[in-house]
Amino acid sequence: MSTPEPEGTMRTTFGAGIDKEGPGRFEGALHRQDPLHASDEDWPADVRAQLEADAAEIIARYPQKRSALLPILHLIQSVDGYVTGRGVQFCAELLDLTTAEVAGVATFYTQYKRHPNGEYTVGVCTNTLCAIMGGDQIFEAVSERLGIGHDETTPDGKITLEGVECNAACDFAPVVMVNWEFFDNQTPESATELVDDLRGGKPVTPTRGAGRVCTFKQVSRVLAGFNDGLSDEGVGAGAPSLAGLKLAKERGWTAPGDEATPGDQDVTSDGAPQAGGEHSSTDSPATGDKEVDR
Ligand code: FES
């Protein structure tokens with residue numbers, strides 16, 4: 001017989017072993033499906049003035065102003081921490097849309113939050129490759145440590161935990177993201193230490209890319225199109241991503257139909273892709289006309 005859950009708690013079937021029963025399993029976790037009409041109170045005048053100036057800059061990037069909706073929703077999150085009711089109203093008035101149209105977009109994409117988000121979104125990849133490499137165990141360990149489930153936030157407002165789909169970083173599986181910065185080759189132990197450090201206010205360093213993790217609000221401003229200068233920090237594609245390309249260059253392998261070698265075309269001497277080079281694979285599968293070491 002199952003134990004009735006306390007009111008206000010959430011059960012989730014996300015991740016192996018996460019669907020646990022018992023009173024207080026997620027007690028105290030924040031998130032709840034707050035409706036979009038939360039936070040209807042207007043911003044202070046100076047905040048609104050800055051928002052309007054930033055929004056005008058975003059709108060000027062597009063031939064039609066309604067195209068600015070996605071970045072302006074990120075801009076709202078950079079101020080409010082989620083898509084508030086006043087944010088929906090702001091977008092609608094500015095872009096000549098209905099609030100239903102804005103809300104329809106804001107509720108479609110998972111990067112737009114309907115409730116206050118934590119300072120850090122910890123996304124544990126449990127898609128196919130990460131799952132078989134331990135992603136489910138990582139999610140379970142982090143969930144247990146934080147006492148929250150998928151899409152819930154710790155009572156101190158520090159961390160929102162999410163189970164996420166493939167981050168296109170399968171060669172570094174299992175992967176954890178913190179505000180969309182990579183933490184590669186994780187284990188339940190390293191991921192637990194990571195969230196402990198985040199909650200404890202210790203600086204954490206991504207394994208690739210930027211040298212530090214920004215807050216959810218800071219990252220939201222970047223997603224709105226305001227550069228924080230960190231985009232070129234660190235290595236984007238690490239050695240595992242480039243291993244095949246490097247080997248092909250060293251051995252002069254080409255795909256059928258390609259006249260130039262990868263080295264001639266778009267790869268630097270260290271195997272890194274050149275800016276503006278062609279990185280796409282060919283439409284034709286590789287054939288066995290050259291010997292391949294295994
Ligand atoms: S399956 Fe996790 S990054 Fe691709």
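Helices (H or I, at least four residues) and strands (E, at least two) are DSSP runs, numbered from the N terminus.

## Basis of the model

This is a predicted model: local features need pLDDT of at least 70, side-chain atom pairs count only at pLDDT 80 or more, and totals for chains, interfaces and linings use all residues. Residue numbers start from 1 along each chain, as its sequence is written.

## The α1/α2 pair

Helix α1 spans residues 45-59 and helix α2 residues 69-80. Their axes come within 10 Å and cross at roughly 155°. Axes are lines fitted to C-alpha atoms, for helices over the stretch in contact; angles run from 0 to 180 degrees between N-to-C directions. The two helices are therefore roughly antiparallel (angles over 145 degrees). Their crossing is right-handed, meaning that the near helix is turned clockwise from the far one by less than a right angle.

On the α1 side, the contact is made by V47, L51, D54, A55 and I58. On the α2 side, P71, I72, L75 and V79 make it. Contact here requires C-beta atoms, placed from the backbone, to lie within 7 Å. The contact residues divide into 8 nonpolar, no polar and 1 charged. Nonpolar covers Ala, Val, Leu, Ile, Met, Phe, Trp, Tyr, Cys and Pro; charged covers Asp, Glu, Lys and Arg; the others, Gly among them, are polar.

An open sheet of 5 strands runs in the order β2-β3-β1-β4-β5, with mixed pairing. Strands pair if DSSP finds at least two bridges between them. At the edges are β2 (152-153) and β5, each pairing on one side only. β2 pairs with β3 in the antiparallel sense over 2 bridges. E152 has L161 of β3 as its bridge partner.

Helix α5 (residues 128-146) packs on this sheet. It touches β1 (120-125), β3 and β4. The direction of α5 makes about 145° with that of β1.

The loop between β3 and β4 holds A168 and P174. β3 covers 159-164 and β4 covers 176-178. The peptide bond from A173 to P174 is cis, with omega near 0°. A168 is not a glycine, yet its phi is positive, at about 55°. A168 counts as exposed (12 or fewer other C-beta atoms within 10 Å, placed from the backbone) because it has 10 such neighbours.

W180 lies in the next loop named here, between β4 and β5 (181-183). Its phi is also positive, near 70°. With 19 C-beta neighbours inside 10 Å, W180 counts as partly exposed, the class between exposed and buried (20 or more).

How values were computed. Angles under 35 degrees count as roughly parallel, over 145 as roughly antiparallel, 65 to 115 as roughly perpendicular and the rest as oblique. Two residues are in contact if their C-beta atoms, placed from the backbone, lie within 7 Å.
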